[in-house]
Structures are given as C-alpha cells and as structure tokens.
Amino acid sequence: MTFDEYVLARGPALVRFARLLTGDEHRAEDLAQDVLATAYVRWRRVGAMDRPDLYVRRMLVNAHHSWRRRLMNREVSVDAVRDDASVRDIAAETDERDAMWRLITRLSPRQRTVIVLRYYEDYDDATIAELLQCSQGTVRTQAKRALDRLQILTGRGEAADVRRS
C-alpha cells in the first residue's frame, strides 16, 4: 500500500482518533498532519509492517502525550459562545454526550487514551496494550481508574457520597 492510498483510506479515521485524544478539532488536525508527515518520511519501513495503522496510531498517541508534557501548551479550550442562548437546536442525547466528553477531558492523558481506544475506537485490551506498549493488566487498571474517576465526577461514586454526608 502506498502512502497516498493509506492516507485516503485511513486519514479521516486518524483525524477522528486525534480529535478524541485532544478534545480540540484544530489541534487534532495539526497533530494528525504532523504524524502523517513523519510517517511519510519513514513510509518504506512503516508500510512494510503487518499493521501500519497501529504504528501510526501509536505515533499519534506519543505525539499527543509529548505535546501535553510541554508546559507552554497547557492551553484550555473553552466552549464556543452562542449568539442566541435561547435557541435550542441540540437534542438531549447530544447534550449528554457533550457533558460526558467534558468529563473525559478531565481524566489523565493515559486514562483518557485508554477510554478513547476502548469505547470510541472499539479496540480490545490486547490491541490497546500493544498500541500503548504496556501489559493488558495496565490497560484494565487504567480503564478501571478512569471509570471510577468518571463516577466521582458525575456524583455517582463512593467518594461523592462521602463528600455529601
């Protein structure tokens, strides 16, 4: 498979994956473009792999984590301000999904990556472990901690019950 064929076939999925990792559409496009530029230079080696898509996704995860580590890039995105707050054209399901996504963005980068790979990209623990270069047990631990944290953030966890009393 040539690089052009790969980008045509997998490019939109890579941008979507990057958007889920970053929580920001513009940052996701930049991240995907940077990673694809790097992959292009090494495409002879990358394209010869059994599963080049996993390698490129790993590059995306690494690039995202590197970006998050840089202190100067600790930007916080804010929701867009609506011109007319009285007009509601978004369904309740979309509102709930957006609220959940805002909670997911509050997870640590590692937990967020595991949640995105598991529930948004629908990968199994073995594939996630291979992608993140860790054990399946680590993947399950990170997922459990992320879900526990989400329960606390939504007010449904044990720690939330203790705080209320």
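Of the contacts in the protein with a separation of 6 or more, 60% are accounted for by residues 24 or more positions apart. The model in which these contacts were computed is a predicted one, and the protein it describes has nine helices and zero strands, so that from the N terminus on its elements run α-α-α-α-α-α-α-α-α. Of the 165 residues of the protein, 37% count as buried.

The largest nonpolar core contains 37 residues, among which Phe 17, Trp 43, Val 56, Leu 60 and Leu 117 touch the most other members. To this core α1, α2 (25-41), α3 (43-47), α4, α5, α6, α7 and α8 each supply at least two residues, and α1 gives the most, with seven residues. The surroundings of one of these residues, Leu 60, illustrate the packing: when neighbours within four places in sequence are left aside, Leu 60 is in contact with Leu 14, Phe 17, Ala 18, Leu 21, Leu 31, Ala 32 and Val 35.

Helix α6, formed by residues 109-120, has 12 residues, which at 1.5 Å a residue should span 16 Å; the C-alpha atoms at its ends are 15 Å apart, in agreement with that expectation. Within α6, Gln 111, Arg 112, Thr 113, Val 114, Ile 115, Val 116, Leu 117 and Arg 118 are buried, and the buried residues of this helix pack against α1 (3-22), α4 (52-69), α5 (92-104), α7 (125-132) and α8 (136-154).

Helix α8 has 19 residues and reaches 27 Å from its first C-alpha to its last, which is close to the 27 Å expected at 1.5 Å a residue. Its buried residues are Val 139, Gln 142, Ala 143, Ala 146, Leu 150 and Leu 153. These residues cover an arc of only 100° around the axis, and they therefore lie on the same side of α8. Such an arrangement can be read against the geometry of the α-helix, which has 3.6 residues a turn, so that residues three or four places apart point the same way. The buried residues of α8 pack against α5, α6 and α7, and just after the helix Gly 155 takes a positive phi of about 85°.

A search of the whole structure finds nine salt bridges. In one of them Arg 16 pairs with Glu 121, the closest N and O atoms being 3.1 Å apart; this pair links distant parts of the chain, with Arg 16 in helix α1 and Glu 121 in the loop between α6 and α7, 105 residues apart. The two partners fall into separate accessibility classes, for Arg 16 is partly exposed, with a relative accessible area of 38%, whereas Glu 121, at 11% relative accessibility, counts as buried. Glu 121 also forms a salt bridge with Arg 57, where the closest N and O atoms are 3.0 Å apart, and here too distant parts of the chain are linked, Arg 57 being in helix α4 and 64 residues from Glu 121. With a relative accessible area of 1%, Arg 57 is buried. Salt bridges that share partners join Arg 10, Arg 16, Asp 53, Arg 57 and Glu 121 into one network.

A further salt bridge is formed between Asp 125 and Arg 118, with the closest N and O atoms 2.5 Å apart, and both Asp 125 and Arg 118 are buried. In helix α7, which spans residues 125-132, Thr 127 also has its place. At 15% relative accessibility Thr 127 counts as buried, since it falls under the 20% limit, and, with neighbours within four places in sequence left aside, Thr 127 is in contact with Arg 51 and Leu 54.

Glu 93, placed in helix α5, is by contrast exposed, with a relative accessible area of 55%. The side chain of Glu 93 makes a polar contact with the side chain of Arg 97, at 2.6 Å.

Terms used. Residues are numbered from 1 along each chain as its sequence is written. This is a predicted model: local features need pLDDT of at least 70, side-chain atom pairs count only at pLDDT 80 or more; totals for chains, interfaces and linings use all residues. Side-chain values use heavy atoms; hydrogens and water are left out. Helices (H or I, at least four residues) and strands (E, at least two) are DSSP runs, numbered from the N terminus. The expected span of a helix is 1.5 Å times one less than its number of residues. Buried means under 20% relative accessible area, exposed over 50%, partly exposed in between (1.4 Å probe, protein chains only). Contact means heavy atoms within 4.5 Å. The arc is that of the directions from the helix axis to the C-beta atoms. A salt bridge is a side-chain nitrogen of Lys or Arg within 4 Å of a carboxyl oxygen of Asp or Glu. A nonpolar core is a set of buried Ala, Val, Leu, Ile, Met, Phe, Trp, Tyr and Cys residues joined through side-chain atoms within 4.5 Å. A polar contact is a pair of N or O atoms within 3.5 Å; within protein, one must be able to donate a hydrogen and the other to accept it, and residues adjacent in sequence count only if both atoms are side-chain atoms.
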